[in-house]
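Please read the following account with the sequence and the model side by side.

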Amino acid sequence: MSIFKDGFLEGRVALVTGGGSGIGAGIAKRLAAQGAKVALLGRRPEALAEVAGEIRKAGGTAIETPTDVREYADVEKAVERTAAELGGLHILVNSAAGNFIAPAAQLSANGFKAVIGIDLLGTFNACRAAFSHLAKEGGNIVSISAPQAFKPTPAQSHVGAAKAGIEMLMKDLALEWGPAGIRVNTVVPGPTADTEGMRRLAPADPETQKKMQRAVPLGRWGKIDEVADAVLFLVSPAASYVTATTLVVDGGASLISSTGIVDP
């Protein structure tokens, strides 16, 4: 019998940072569809309310916790509220992120700090605040990273630094928190349609986009649901012996260099 039968996350509680839009929202909906009670954390109350409303309309359970992940005390309050109102905390997904195009020579210190703060510090804050709850029954942490963590990318030094930090942080936490039964993994989406990242980073010209898609080994952009399914796998019993792993969900896009040539 497949462990992915409907409702296999019944009785589990998930907190998703960056849950008000894009990949974070998609992950929250996917977890809720499998029975998890979901708390959405983010800075925009209206966006969180919209996603939570969609989950509840579909028959799921969701609460909104408007929070800036850069503020540890606020994240801690959101975690405690989640545990109190939903009955614990078993799954943490770190999806909050910031990005913009900026060559390093033109990147301000504040711009660099903002991305490090949202991505790296925010991920640590959520993990640290959630630790005591996740350790009670053996929980799961999945952080959303990006190819910039391991592939140098023009005008993305701030993102590369933040995501590379997340990659190593997840491995360190997997090492330290494994004895508490907490599994810690990372998902790296490639170019994914209908996300803010693609709207900001992909060329606006349709023909250029088509050419870029053809260069991807699987010939297309990814889908939010495909990233969400990767997270679903990592928090499922099917991945019960998987920790400190980075799962790349990019259709092979990370094999392509900036010139469009497949890297060796």
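Which residue of strand 3 does Gly-42 stand opposite? Gly-42 faces Pro-66 in strand 3. This is a predicted model, in which local features need pLDDT of at least 70 and side-chain atom pairs count only at pLDDT 80 or more, while totals for chains, interfaces and linings use all residues. Residues are numbered from 1 along each chain as its sequence is written, and side-chain values use heavy atoms, with hydrogens and water left out.

Helices (H or I, at least four residues) and strands (E, at least two) are DSSP runs, numbered from the N terminus. Two strands pair if DSSP finds at least two bridges between them. Strand 2 and strand 3 (residues 62-66) run parallel and are joined by 5 bridges. Between strand 1 and strand 2 the chain passes through helix 1, in a right-handed β-α-β crossover. Right-handed means that, with the strands pointing away from the viewer, the path from the first strand over the helix to the second runs clockwise. A right-handed β-α-β unit is also made by strand 2, helix 2 and strand 3. Strand 2 is largely enclosed by the rest of the structure, because 5 of its 6 residues are buried. Buried means under 20% relative accessible area, exposed over 50%, and partly exposed in between (1.4 Å probe, protein chains only).

The largest nonpolar core has 31 residues, and Ile-27, Leu-31, Val-38, Val-187 and Val-231 have the most contacts inside it. Such a core is a set of buried Ala, Val, Leu, Ile, Met, Phe, Trp, Tyr and Cys residues joined through side-chain atoms within 4.5 Å. Among the elements that each supply at least two residues of this core are strand 1 (13-17), helix 1 (22-33), strand 2 (37-42) and helix 8 (224-234). Helix 8 gives the most to this core, with 7 residues. Apart from it lies another core, of 28 residues, including Val-13, Ile-118, Ala-130 and Val-184. Contact means heavy atoms within 4.5 Å. Leaving aside neighbours within four places in sequence, Leu-31 has contacts that include Ala-14, Val-38, Ile-91 and Leu-232.

Helix 5 (residues 157-177) has 21 residues, so at 1.5 Å a residue it should span 30 Å, and its end C-alpha atoms are 30 Å apart, which agrees. The expected span is 1.5 Å times one less than the number of residues. Among the buried residues of helix 5 are Ile-166, Leu-169, Met-170 and Leu-173. Its buried residues pack against helix 4 (109-137), strand 5, strand 6 (183-189) and strand 7 (246-249).

Asn-140 lies in strand 5 and is buried, with a relative accessible area of 7%. Beyond residues up to four places away in sequence, Asn-140 touches His-90, Ile-91, Leu-92, Leu-134, Arg-183, Leu-234 and Val-235. Arg-81, in helix 3 (residues 72-86), counts as partly exposed at 32% relative accessibility. Leaving aside neighbours within four places in sequence, Arg-81 is in contact with Ile-63, Glu-64 and Thr-65.

The protein averages a pLDDT (the predictor's confidence in each residue, from 0 to 100) of 93, and 94% of the residues score at least 70. Over residues 259-264 the pLDDT is below 50. Where pLDDT is low, the predicted coordinates should not be read in detail.
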